[in-house]
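Reader: I would like to go through this model with you. Shall we begin with the ligand and then turn to a sheet?

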Amino acid sequence: MSHVMNTYARLPVAFVRGEGVWLWDESGKKYLDALAGIAVNTLGYGHPKLAKAIGECLASGVTHTSNLFNIPMQEAAADRIAEITGLDEVFFCNSGCEANEAAIKVARLYGHKRGVERPEIIVFEHAFHGRTLATLSATGSRKVQAGFEPLVAGFVRVPLDDLDAVRAVAAHNRNVVAVLIEPIQGEGGINVPRMEYLRGLKEICGRNEWLLMTDEVQCGLGRTGQWFVYQHAGISPDVVSLAKGLGGGVAVGACVTGNRAKGVFSPGKHGSTFGGNPLACAAVVATLDTMKEEKLLENAAKVGRVIRDGLHEGLSGTAGFVEVRGLGLMIGVELDRPCGDIVTMSLERGLVLNVTADSVIRLVPPLVMSEAEGRQLVNLLVSVVKEFLARPAAAAPMAKAG
Ligand SMILES: *Cc1c(COP(=O)(O)O)cnc(C)c1O
């Protein structure tokens, strides 16, 4: 019997070796990876620059010192994050939910400083912000919340891509101090709002002196072809949450502030024992520098287009196929039925991916994927999806969402 707590329905595969976008399991079987450990392994597997940076940190003997002292590597990581976000201050933590917890605390403190006694934050249907109590309360999925009531108060939910819904809240709710949005929803099914919508949101936030807080934990850090999705919209938010891809596979998150949110926190207001230690920050510096050197943003845009076009061409006209959507290497393929079985069918053929929102195949591969590997992915996935959709509906067992 396993002593690991039963919180995941695991697939019966263990990867023991990786190189680029390729993984090998214990039996030596090779897989093409279109998941990157859920949008984490930006540089793929076994990248020599990341291995070197982590190795040097380990060899120095100082992987952790605590935030009671100066940490030069944390300064270096913060400089890089400030440069790519266009914002000013970086709080380091260890995960996406912690980055969002920090953002929520920034919003509340910002509100209290402005004399709002019960600050509220606008959040969205189908959003995912994490599994801690505050972030699951901000999440727009009953499945994530069920059983953990009472939820944390102070969130007002609206539909995505509907500015009138936000204006309606602005008109009657004096307690709102911020908007928290995933500029592209990941877990919710790769839902891409109109970029005019994000600009409209920025405008409403500006008019009401609300913070615009973007959760770029999944969609950010180069995956869509820009460092951040808000850059596609040409706007600058006040707070940005980062994690997943930030350390190329090392656990690290960040809450980044600027504009109206600059200077909200002061010593004693927030903290994290592990946050921003030399090991994690060495990984951040190596990951971001390598992304620049190897032009991985351009690559994500180019290979993403190849994959989306290829899937569209290969699947359009197939009964049961709804659409391909996304930006760069954040891609969703929606079918008209629950399709959790696609995950195991793909694994059998040596393709790693996952399914979210019941009926959306999610592709978030490492950003080092080449065009040729992108075409291999398209060929494998088109044949799996066609086989899946050709099965008689009655024979298809009810799929479980990933
Ligand atoms: C994964 C994710 C989170 C939570 O990150 P953890 O590291 O699992 O806590 C938060 N927001 C978004 C958009 C995510 O995709």
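**Ligand site and sheet**

Author: The residues around the ligand (a heavy atom within 4 Å) are Ser95, Gly96, Cys97, Asn100, Phe128, His129, Gly130, Glu182, Asp215, Val217, Gln218 and Lys244. This is a predicted model: local features need pLDDT of at least 70, side-chain atom pairs count only at pLDDT 80 or more, and totals for chains, interfaces and linings use all residues. Residues are numbered from 1 along each chain as its sequence is written, and side-chain values use heavy atoms, with hydrogens and water left out.

Reader: By class, which residues make up the shell around the ligand?

Author: Ala, Val, Leu, Ile, Met, Phe, Trp, Tyr, Cys and Pro count as nonpolar, Asp, Glu, Lys and Arg as charged, and the others, Gly among them, as polar. By that scheme the shell has 3 nonpolar, 6 polar and 3 charged residues.

Reader: Which helix gives the largest share of the shell around the ligand?

Author: Helices here are DSSP runs (H or I, at least four residues), strands likewise (E, at least two), numbered from the N terminus. The largest share of the shell is 3 residues, and they come from helix α4 (residues 96–113).

Reader: What is the strand order in the open sheet?

Author: Strands of a sheet pair through backbone hydrogen bonds, either parallel or antiparallel. Two strands pair here if DSSP finds at least two bridges between them. This sheet has 4 strands and antiparallel pairing, in the order β11-β12-β15-β14.

Reader: Which residue of β15 is the bridge partner of Val333?

Author: Strands β12 (residues 330–335) and β15 (residues 360–363) pair in the antiparallel sense over 4 bridges. In β15, the partner of Val333 is Ile361.

Reader: Which helix packs on the sheet?

Author: Its direction makes about 175° with that of β11 (axes are lines fitted to C-alpha atoms, with angles from 0 to 180 degrees between N-to-C directions). It touches β11, β12 and β15 (contact means heavy atoms within 4.5 Å). The helix is α11 (residues 296–315).
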